Each structure stands twice: as structure tokens, then as C-alpha cells.
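This report describes a ligand site and some other local features of one protein model. Please look at the sequence and the structure first.

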Amino acid sequence: MRLVVLISGSGSNLQAIIDSIASRHLDAEIVLVVSNRKSAYGLERAAAAGIPCLIFPFKPYRDAGQPRDLYDADLADQVAAHTPDLIVLAGWMHILSPAFLDRFPGQVINLHPALPGTFPGTDAIHRTYEAYRRGEVQHGGCMIHTVIPEVDAGEVIVKEIVPIMPDDTLEQFEEHIHSAEHRIIVEAIRRRIKQSQP
Ligand code: GRF
């Protein structure tokens, strides 16, 4: 299975995919890593694994007064050129419009560090932790879902509840969330590979 992975940050989820391929737990190949931020450490991880990288920032489009869906369409061209079977948004911090999504129907999956229907959008880990402190939620979680234009709302492929202990700091809770992310992102790709087999 040909994977294109989109990142914006440290790339620890990308690393989880790289490691699972290297240890033969995933029968897949990452054919391209795209980052919209040139400073993303995940680019170092991709380079160390010998994976082709593309830095594709939105800023030049914004500075030229060009619309987001032109960026999304150009990004789709770049990604399509690598003929992916699956596009994995692993800490990708840019909402993709139909100008991108319509090019890859059902082929884009996203990692979100909250459970379905809770805390869509950014800063979900911190928002979950604060809600726990206010007694509004009993635990956190994360999920991998198919991407549709509505943010963090597509069909859920894998999810994992992440408990919060009363004496957990935000950092400790965040570590537990990231460990769960690394498990479910590999499991979601494994399920897609299984689905694609006759
Ligand atoms: C993850 O929590 C992801 O859900 C969020 O940022 C983090 C990405 O981590 N958007 P990494 O870049 O994979 O380490």
C-alpha cells in the first residue's frame, strides 16, 4: 500500500508508521512526506528514513492573495503525482477543502487527539484536560477517522479511550494520548491494508 503522510510538527506519529513498516508490522511504503511547515521536525525523521519530502507552505498563496482552495488543488496535484493508495494526516494542521478531498474519495484519514464528537479542532488535548479538571469529562481519547469537509467528523476507523488520573499533569496526560495515537494510527493503516486485499 502506497502511503503519503502529511505532517506539520514533530512527526512522532509519522515515526510510528516508519517503525512499523521497518519491523514488517505494516505491509506498506511511504512514498512521500509533505509538511506545510519547513521547520517541522518530522521532515528530519523522513529524511533519516530515506523518504522523499515536500515542503508545501500555504504562506506564499496567502501573501499573493490566492485562495485556500488553489493551495489545496495544487497540493492535491503534488500528492496525486505519487499515486497514493492512502493519505494519512498525522498532525497535519491545515483544514483541507473539497478541492483536495474530492481528488481522493475515501482515501484520506486523519488522526485527532479526542474521541468522536468531542473537542473538534485545535488544542483538543488541552481542552480535554481542562474539561476533566472541571468535572465535565471522565477521560480523554484519540481517533483515526476518514476525512470529510466537516472538521474531525468522518467515519471512525479506530478509537482509543485514554484515562486521566486525578494526579496526572497535562504533560503526563499528553504523553498517554501520544502513546495511544502511535498505536491507533498503525492499526488504522493495517485495517485499510486488510480491506484492500481480495
Ligand atoms: C498529535 O497530537 C496530533 O493529533 C496533533 O499534534 C500531534 C502531532 O504529533 N495535531 P506528531 O507531529 O505526530 O508528533
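A polar side-chain atom of Ser10 and an oxygen atom of the ligand lie 3.1 Å apart. A polar contact here is a pair of N or O atoms within 3.5 Å. At Gly11, a polar backbone atom is 2.8 Å from an oxygen atom of the ligand. Asn13 has a polar side-chain atom that lies 2.8 Å from an oxygen atom of the ligand.

The ligand taken alone exposes 360 Å², and the protein buries 84% of that; the areas come from the Shrake-Rupley method with a 1.4 Å probe.

## Basis of the model

The model is predicted: local features need pLDDT of at least 70, side-chain atom pairs count only at pLDDT 80 or more, and totals for chains, interfaces and linings use all residues. Residues are numbered from 1 along each chain as its sequence is written, and side-chain values use heavy atoms, with hydrogens and water left out.

## The shell around the ligand

Among the residues that surround the ligand are Gly91, Met93, His178 and Glu181; a residue is near a molecule if one of its heavy atoms lies within 4 Å of it. By class, the shell has four nonpolar, seven polar and one charged residues. In this scheme Asp, Glu, Lys and Arg are charged, Ala, Val, Leu, Ile, Met, Phe, Trp, Tyr, Cys and Pro are nonpolar, and the others, Gly among them, are polar.

Helix H1 (12-22) and helix H7 (170-196) are the elements that give two or more residues to this shell. Helices are DSSP runs of H or I with at least four residues, and strands are runs of E with at least two.

## Aromatic pairs

The whole structure contains six aromatic pairs. Rings of Phe, Tyr and Trp (its six-membered ring) pair if their centres lie within 6.5 Å, and planes over 60 degrees apart count as edge-to-face. Tyr61 and Tyr71 have ring centres 5.3 Å apart and planes at 85°, so this pair is edge-to-face. Tyr61 is in helix H3 (residues 59-63) and Tyr71 in helix H4 (residues 68-80), 10 residues apart.

## Positive phi values

Thr83 has a phi near 40°, a positive value in a residue other than glycine. Thr83 is in the loop between H4 and strand E4 (86-89).

Note on methods
A polar contact is a pair of N or O atoms within 3.5 Å; within protein, one must be able to donate a hydrogen and the other to accept it, and residues adjacent in sequence count only if both atoms are side-chain atoms. Rings of Phe, Tyr and Trp (its six-membered ring) pair if their centres lie within 6.5 Å; planes under 30 degrees apart count as stacked, over 60 as edge-to-face and the rest as tilted.
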